[in-house]
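User: Please walk me through this model in questions and answers.

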Amino acid sequence: MCGIIGIAGQGQVTDRLIDGLKRLEYRGYDSSGIAVLTNGSLDRRRAKGKIRNLEAKISRDVMDGQIGIAHTRWATHGAPTEENAHPHRSGRVAVVHNGIIENYLELREELSATREFVSDTDTEVVAHLVDIELAKGYSPKDAFAATLKRLKGAYAFGLIIDDNPNEIFCARAGSPLALGIGPDGTEHFLGSDAMAMAQLTSQLIYLEEGDWAILRPFGYQIFDETDAPVNRDITIIKGGPAVAEKGKYPHFMVKEIYEQPEIITRTLTHYLNADRTRPVTGPELAPALDFTKFDRIILIACGTAYYAGAVAKYWFEQVAGIAVDIDVASEFRYRRPVLNERSLFIAISQSGETADTLAALRYCKENGLTTAALVNVMTSTMAREADISMPILAGPEIGVASTKAFTAQLTALAALALSAAKTRGTQSDAEITRLTAELVSVPRLITEALELDTIIAEMAKTLAPSRSAFYLGRGAQVPIAYEGALKIKEIAYIHAEGYAAGELKHGPIALIEDGTPVIVLAPMDELYEKTVSNLQEVASRGARVTLVTDVEGAKTGASMADDLIIIPTSDPFVAPLLTTVAMQLLAYHTAVALGTDVDQPRNLAKSVTVE
């Protein structure tokens with residue numbers, strides 16, 4: 001949720017730290033700050049709002065140094081003010097922090113008798129604790145190690161100390177953190193994710209749970225939770241600065257919408273055999289993933305990823321004949337679910353670091369289940385801790401509102417459902433081949449769907465003044481209705497609700513009045529006539545209806561709708577991917593019409609790494 005970047009180098013670091021913060025903007029934030037050591041002397045600047053406000057402060061009061069840490073904050077404890085922005089400082093110590101210190105109130109009460117607190121955050125206690133240990137005469141290394149023993153909760157830290165000119169201290173427990181090795185070994189880096197260090201290095205070390213480390217210009221030391229020195233593997237990351245450029249597009253979100261045909265092709269290449277005629281199956285798909293061993297699948301996710309799982313429930317049950325439970329991660333383990341060893345647990349997460357989903361994965365591992373992680377970041381905590389790690393291969397997604405990661409998740413889950421059907425023998429080879437061919441056609445069909453961009457942009461101008469909207473669907477289109485409503489809430493700030501179309505008459509229809517926007521997802525399938533019946537119910541009550549359908553559906557539905565979005569004709573198996581693109585474009589253009597911050601919507605973070 002928050003972003004950390006640190007540099008232990010030889011030259012000046014301020015500009016590069018600011019550049020690192022800008023690469024972390026996609027995570028969401030409401031304030032930022034930087035602290036550097038100039039010849040051992042600690043200097044700090046902080047600002048509320050966008051990074052440009054921090055840059056303005058630095059331009060008025062220049063700072064630079066050879067060692068530094070910087071942070072973008074998304075408020076958890078305390079309002080988004082300059083006083084609550086990171087880095088926090090006490091005496092000789094400045095610290096940046098992602099996560100939540102669960103026992104900070106207890107620590108704050110203990111320290112308040114001798115220490116003055118100037119922020120409302122949980123992080124400030126960390127700076128005080130380290131400074132107290134230093135005042136006792138402990139070395140910086142021992143002071144930091146002693147402080148970590150007193151903390152409960154989730155954290156990733158970067159910390160520097162006045163009059164200690166060559167070291168950055170860092171640690172992780174429950175929040176991701178990586179070290180970067182400079183190309184010539186004369187600089188080392190710290191970042192909350194690979195994107196923070198994309199222009200600095202391609203060699204990363206992902207700290208493991210409980211690890212802490214000391215970074216210096218010419219080297220580093222890593223210690224485990226017992227303070228024993230350890231070695232961790234170096235990972236070479238691919239990509240570079242270009243992945244974070246918008247190119248010809250005005251926003252990252254629309255760029256990522258248009259990347260979807262390419263991304264889905266990449267995902268299909270991984271999950272289908274070489275000639276793309278059948279899904280990769282069983283142990284060939286991933287070590288120990290044999291669907292004949294399981295009677296039930298448990299899908300766990302949050303937000304948009306949850307809706308991907310909700311679509312997959314239809315696929316796994318209808319195509320593969322295997323029962324599926326789906327739950328939001330934040331509720332799953334608290335209801336004490338009944339589990340058995342013939343259940344396959346699949347965590348779905350773009351970042352692979354979502355705190356609630358990770359906790360659910362660990363809960364299932366502790367209870368003896370086979371666990372799998374479907375993630376975009378194969379070096380993430382979920383990917384490392386799950387028994388089976390499966391990529392979606394969407395590449396870095398900068399826009400906070402997920403687009404290409406969602407359709408990549410859907411693509412991978414569709415292929416997994418076909419794999420399950422194949423290994424369990426629930427579909428004939430001919431049907432598996434047919435459905436695989438339909439899945440392979442998706443990149444072409446999405447390319448065609450993107451040609452609706454201009455039409456949808458005009459429709460969005462009508463939707464933009466609305467205060468609320470309804471999204472309706474049936475079958476596998478119901479989760480897409482939920483996702484469409486979520487997207488317009490996220491980036492256009494319009495209240496919207498998604499419903500199974502048949503449920504509307506059980507209460508929500510009371511809210512329909514003249515001009516209420518209702519978006520109906522109804523490509524031609526076995527449920528089309530029932531969905532159109534619900535369309536008529538809202539139209540007769542004055543709703544402004546937008547029908548999203550295909551050519552065949554438009555033949556009977558067009559006369560009942562005020563607006564029509566005709567998506568390419570496809571098999572119902574893959575239709576959710578096409579209606580998704582229409583919903584993405586509608587939300588995007590509505591947000592643009594309203595002038596909102598499309599890529600960094602208010603109050604939202606890209607990766608939620610705390611509960």
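User: In which helix is the place of Ile 480?

Analyst: The model is predicted: local features need pLDDT of at least 70 and side-chain atom pairs pLDDT 80 or more, whereas totals for chains, interfaces and linings use all residues. Residues are numbered from 1 along each chain as its sequence is written, and side-chain values use heavy atoms, with hydrogens and water left out. Helices (H or I, at least four residues) and strands (E, at least two) are DSSP runs numbered from the N terminus. For Ile 480 the run is residues 477–492, helix H17.

User: Is Ile 480 buried or exposed?

Analyst: Buried means under 20% relative accessible area, exposed over 50%, and partly exposed in between (1.4 Å probe, protein chains only). Ile 480 has a relative accessibility of 0%. Its class is therefore buried.

User: Over how many bridges do E23 and strand E24 pair?

Analyst: Two strands pair if DSSP finds at least two bridges between them. E23 is joined in parallel to strand E21 (residues 468–473) by three bridges, and Ile 519 is the bridge partner of Tyr 471. With strand E24 (residues 544–549), Pro 517 stands opposite Arg 544. That pairing is also parallel, and its bridges number five.

User: What is the volume of the second largest cavity?

Analyst: A cavity is a set of points on a 1 Å grid over the protein atoms alone where a 1.4 Å probe fits but cannot get out, and lining residues have an atom within 4 Å of a point. The lining here includes Arg 474, Gln 477, Leu 521 and Tyr 528. Grid points are joined across faces, edges and corners, and a volume is the space filled by probe spheres set on the points. For the second largest cavity this gives about 40 Å³.

User: Which strands stand at the edges of the open sheet of seven strands?

Analyst: The antiparallel order is E5-E6-E7-E8-E12-E13-E14. Two strands have a single partner each, so one side of each is left without a neighbour in the sheet: E5 and E14.

User: What is the phi of Asp 163?

Analyst: Most residues other than glycine have a negative phi, and most peptide bonds are trans. Asp 163 lies in the loop between strand E7 (153–161) and strand E8 (168–173), and it is exposed at 61% relative accessible area. Its phi is positive although it is not a glycine, at about 65°.

User: Which peptide bond is cis?

Analyst: Pro 87 is in the loop between strand E4 (67–73) and strand E5 (88–90). Omega is near 0° for the bond from His 86 to Pro 87.

Notes:
1 Å grid on protein atoms, 1.4 Å probe; cavity = no way out; pocket = protein on both sides within 12 Å on 5 of 7 lines; lining within 4 Å.
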